[in-house]
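Okay, everyone, thanks for coming. Let me put the model up on the screen and we'll walk through it together.

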Amino acid sequence: ANFYKETYFSENKVLDSKTQELIALAASLVARCDGCIEGHIQKALKYGASREEISEAIVIAIGINAAAIVDLTDKAAQKLDVEHFPAKPKRAI
């Protein structure tokens, strides 16, 4: 509870509440926390975020998650000594 209070309600916080909620929304999406997603959307709206700003936060989360998957698949491919996306596809004869 103290961590939550210090993060969101401290007089010493640097980010405004709207920005905090947009970041929290993106993090919640990546973490796949359903309850968190709903709560942070509602709080972002409460603190003045537009639907477009919320949409942009969602798109950022998509990009981060996609990059993480590509990174993990590259590592898996390296362990298997295969290339998922060869530079020159083989032609059928």
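I'll start with the overall fold and then go to a few side chains.

Quick housekeeping: this is a predicted model, where local features need pLDDT of at least 70 and side-chain atom pairs count only at pLDDT 80 or more, while totals for chains, interfaces and linings use all residues. Residues are numbered from 1 along each chain as its sequence is written, and side-chain values use heavy atoms, with hydrogens and water left out.

So, the fold. The protein chain has 4 helices and 0 strands, and it reads α-α-α-α along the sequence. Those are DSSP runs numbered from the N terminus: helices are H or I with at least four residues, strands are E with at least two.

Now the overall dimensions. The C-alpha trace spans about 65 × 30 × 25 Å along its principal axes. The radius of gyration of the protein chain is 19 Å, whereas a compact globule of 93 residues would be near 12 Å; that's taken over C-alpha atoms, and the globule rule is 2.2 Å times the number of residues to the power 0.38. Buried residues make up 18% of the 93, with buried meaning under 20% relative accessible area, exposed over 50%, and partly exposed in between, using a 1.4 Å probe and protein chains only.

On to charges. How many salt bridges does the structure hold? There are 2, counting a side-chain nitrogen of Lys or Arg within 4 Å of a carboxyl oxygen of Asp or Glu. Glu53 and Lys18 pair up at 2.9 Å, N to O. That one links distant parts of the chain, Glu53 in helix α4 (residues 51-80) and Lys18 in helix α2, 35 residues apart. Glu53 is partly exposed at 28%, and Lys18 is partly exposed at 22%.

The other bridge joins Asp71 and Lys75, with the closest N and O atoms 3.6 Å apart. These two are 4 residues apart in helix α4, so about one helical turn separates them. Asp71 is partly exposed at 40%, and Lys75 likewise is partly exposed, at 45%.

Last stop, the loop between α1 (2-9) and α2 (17-31), where Ser10 sits. Is Ser10 buried or exposed? Buried, at 14% relative accessibility. The Ser10 side chain also reaches the backbone nitrogen of Asn12 at 2.9 Å.

That's my tour, happy to take questions.

Definitions and conventions:
Polar contact = N/O pair within 3.5 Å; in protein donor to acceptor, adjacent residues only side chain to side chain.
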